[in-house]
Number of protein chains: 2
Amino acid sequence: MKEIRIGLLGFGTIGTGVVKALQNNAELVSQRLGARLTLAKIADLDITTDRGVKVDPALLTTNAEEVISGDDIDIVIELIGGYEPARSFVLKAIENGKHIVTANKALLALHGEEIFAAAAANRVEVLFEASVGGGIPVISAIKENLGVNSFASVFGILNGTCNYILTRMTDEGADFSEVLKDAQANGYAEADPTFDIEGVDTAHKLALLISLCFGTKIDFDAIYSEGISGVSALDIQYARQFGYALKLLAISKYDAGRIEARVHPTMIPLQHPLADVSGVFNAVRLVGDFVGPVMLYGRGAGMEPTASAVCGDLMAIGRNILAGGASRSPAMGCPPETMSTLEIKGMEEIVSQYYLRFAATDQPGVLAHISGILGRYDISIASMIQPERKAGGPVPIVIMTHEALEKNVRSALAEIDQLDVVLNKSCFIRIESDLD
Amino acid sequence: MKEIRIGLLGFGTIGTGVVKALQNNAELVSQRLGARLTLAKIADLDITTDRGVKVDPALLTTNAEEVISGDDIDIVIELIGGYEPARSFVLKAIENGKHIVTANKALLALHGEEIFAAAAANRVEVLFEASVGGGIPVISAIKENLGVNSFASVFGILNGTCNYILTRMTDEGADFSEVLKDAQANGYAEADPTFDIEGVDTAHKLALLISLCFGTKIDFDAIYSEGISGVSALDIQYARQFGYALKLLAISKYDAGRIEARVHPTMIPLQHPLADVSGVFNAVRLVGDFVGPVMLYGRGAGMEPTASAVCGDLMAIGRNILAGGASRSPAMGCPPETMSTLEIKGMEEIVSQYYLRFAATDQPGVLAHISGILGRYDISIASMIQPERKAGGPVPIVIMTHEALEKNVRSALAEIDQLDVVLNKSCFIRIESDLD
């Protein structure tokens, strides 16, 4: 039986999952592929810790070079994460004619252009199904199955940590910091959770989805990104009263040659399928001109789902090698030199509905003041509640608007926050009611 | 620019959609593929009707032979449907070295083994993404991305007509025959709806999913299939009172070397994501040992979503041809000669919860009679309602059971139906509470 030889860079959680999957289901993989996937070398700085999988010590090395430049390696899996040395290792492996499988969204979101160009020049493949949505086969769906479609939008819940925290805040009425602490204790959030909770990880993934769907290069810094650390249990509770769930959404929409690219806490109707995506699950929703709306749902992170995606990529490249066709499809679904550079719409130009919450003094006329200013900025009110009154304390006023221009909303809030009767900085959260 | 040449058999609804997609998005396809997909010939018995798409008359022929044996055709799309002449045409095209793309689940469910063996012998590909779930990329997800997984189960809502009818029965409290008539008038059900409403179409699709997930050949006749024509609005209403939705589900579970393979109306908890799949939408849910649960959702039928899947297959084969690797992957994800023949568990051996509805005389002791018989067959009652009483008429008794053996349920009902106090044939519907 033929053999495809694999080198692994990074023997952490996901790496361990990959080793486990290739070991446990070796027979199944050989049957399906008609060839063996052989783990030929594993490089990590730490080769002594017991990961709970049995590995021939001869496969282990602390020298990445043995993987990157190993004569007998067909595919290199990069699971180191981060920018360096991952970037240098991947580029060198590509130069050496190795195919690449990676789960590293940060690397690809920032250095994808360089890496994909190198891959095209060297006629090797770079697959990265594991980088978005864990085990959910979303990247190849866009690149392959849905390839005839012109996409109108792509959006989704792409970060398991944030979704876990928001789900618990919703279910328990608990505060962000409290749930985060607990999530860290339980392994659902990293010790330094910044990348997750500030939306950076979600934005990395959105960058990849945008390039895939719209065939465009993207300047990562142009993606608007707002995390969940400012979300209060109170806003989640009011959202439910209005019939909305609060999720951290990645959103991109195509609009007349430009695209929206934004990550922020978003209220969506409780009836929307994304509202039911709880805990560490992820979901991606796409709308194509022929396929219509498609939703893909599954575990967005974790050792085993991510390993599933990595191994799927290994098998795909294995099939290409066996069929004699290396470099079957470009990393982004179209040749790098044909990719466009669509302009990203600035946030001020976004049109959305808004949830607004004000903390005002308890005296007559406050609402008239606030609604007067909103009216002057063309922001019309869809509904309003004044949920509770504590003697002496500030009075919350919660308003749901009709569609308005973000620029106007920001200006109106700045003006409202100047009012003497408004006690704290006003809060606004975007609402997406027509996600399809 | 290189060119992949395509012949189309069957210029009906889906065929028209494919022509439209290849025309409307030709530039997009060329950019992504790096080659043109050229429609070189279209064969149909009717080449005069205006389908609303502009086609060069020189491409049209009534002679299928010009597609099947055309020297300049790389890929043949079969959209005739049914068994013959589709089977003969496909086999002949394969012999001629053409790759095949088809949406014909009936053909593949019954003659797949023959067709896939011929394809392997002739080193051509047979892709059929459009045959299950319309535009949803489920087949390639199983074959490619999830290929490392050993699957525990696959199930889903696979027939848009049935789901549309059940959704309307649920929303309107309307009767089956009434909604069917309306669905036919609106084009959501065929003039002869038997294949759809009796579950045959769903069973065809399930047969394909089973072969893909479990690597097994399957005797189509061994799949248990029960349609929705016997479903009453009353049962849907009672189901909701107990917190369940009623769906026509295709279900397969792996159990110690054997599989369950069944299609029937099924009650599922209202909180389950499948309960929200309404109208003509389809959804497939898979559970793999590494990926965990995955759900794929989208439009399950219709001209445009189905055309999206057909074109995705064309592009996939196009990429293989361009990369120089024909016959990249076997139709069922593993070589035909390695497929097993798993035994299908008989329905009598199924263990499930059940919804039971009895029509009894309004007199004391009836429930004692019924529950006594159920008890003797090891069927324990989870909950019971006696929803209403009309003076003089039969009294409905609705029971939800704990898990029980289907054989016992059938025996118990046969015995209960013999009771003088039971007036009509008792009704039972299977419940799936633990779909993951």
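Visitor: In which sense do strand 12 of chain A and strand 12 of chain B pair?

Guide: Start with residues 292-299 of chain A, which make up its strand 12. In this predicted model, that strand lines up with strand 12 of chain B over five bridges. One spot to look at is A:Val294, which stands opposite B:Gly298. The sense of the pairing is antiparallel.

Visitor: Which helix of chain B gives the most to the side that touches chain A?

Guide: Overall, 56 residues of chain B are in contact with 55 residues of chain A. Helix 2 (26-33), helix 6 (138-145), strand 12 (292-299) and helix 12 (303-323) of chain B each supply at least two residues of that side. The top contributor, with 12 residues, is helix 12.

Visitor: And how many residues on that side of chain B are nonpolar?

Guide: Sort the residues of chain B's side by type and you get eight charged and 22 polar ones. The nonpolar group there comes to 26.

Visitor: Moving on to helix 8 of chain B, why do its buried residues line one face?

Guide: The buried residues of this helix, which runs over 176-185, are B:Val179, B:Leu180 and B:Ala183. An α-helix has 3.6 residues a turn, so residues three or four places apart point the same way. Looking down the axis of helix 8 of chain B, the buried residues line one face because they fall within an arc of 105 degrees.

Visitor: Which residues have the most contacts inside the largest nonpolar core?

Guide: In soluble globular proteins, nonpolar side chains tend to be buried together. Here the largest nonpolar core has 293 residues. Leaving out residues up to four places away in sequence, A:Val310 touches A:Ile14, A:Val18, A:Ile77, A:Val101, A:Ala103 and A:Ala130. The residues with the most contacts inside the core are A:Val310 and B:Val310.

Visitor: What is the radius of gyration of chain A?

Guide: Chain A comes to 14 helices and 18 strands. For its 436 residues the globule rule gives 22 Å, and the value for chain A is close to that, so the chain is as compact as a globular protein of that length. Of those residues, 53% count as buried. The radius of gyration is 24 Å.

Note on methods: Residues numbered from 1 in each chain as written. Chains lettered and ligands numbered in written order. Predicted model: local features only at pLDDT ≥ 70, side-chain atom pairs only at ≥ 80, totals over all residues. Contact = placed C-beta atoms within 7 Å. Helix = DSSP H or I, 4+ residues; strand = E, 2+ residues; numbered from the N terminus. Nonpolar A, V, L, I, M, F, W, Y, C, P; charged D, E, K, R; others polar. Pairing = 2+ DSSP bridges. Buried ≥ 20, exposed ≤ 12 C-beta atoms within 10 Å, placed from the backbone. Arc of directions from axis to C-beta. Core = buried A, V, L, I, M, F, W, Y, C linked by C-beta atoms within 7 Å. Rg over C-alpha atoms; globule rule 2.2 N^0.38 Å.
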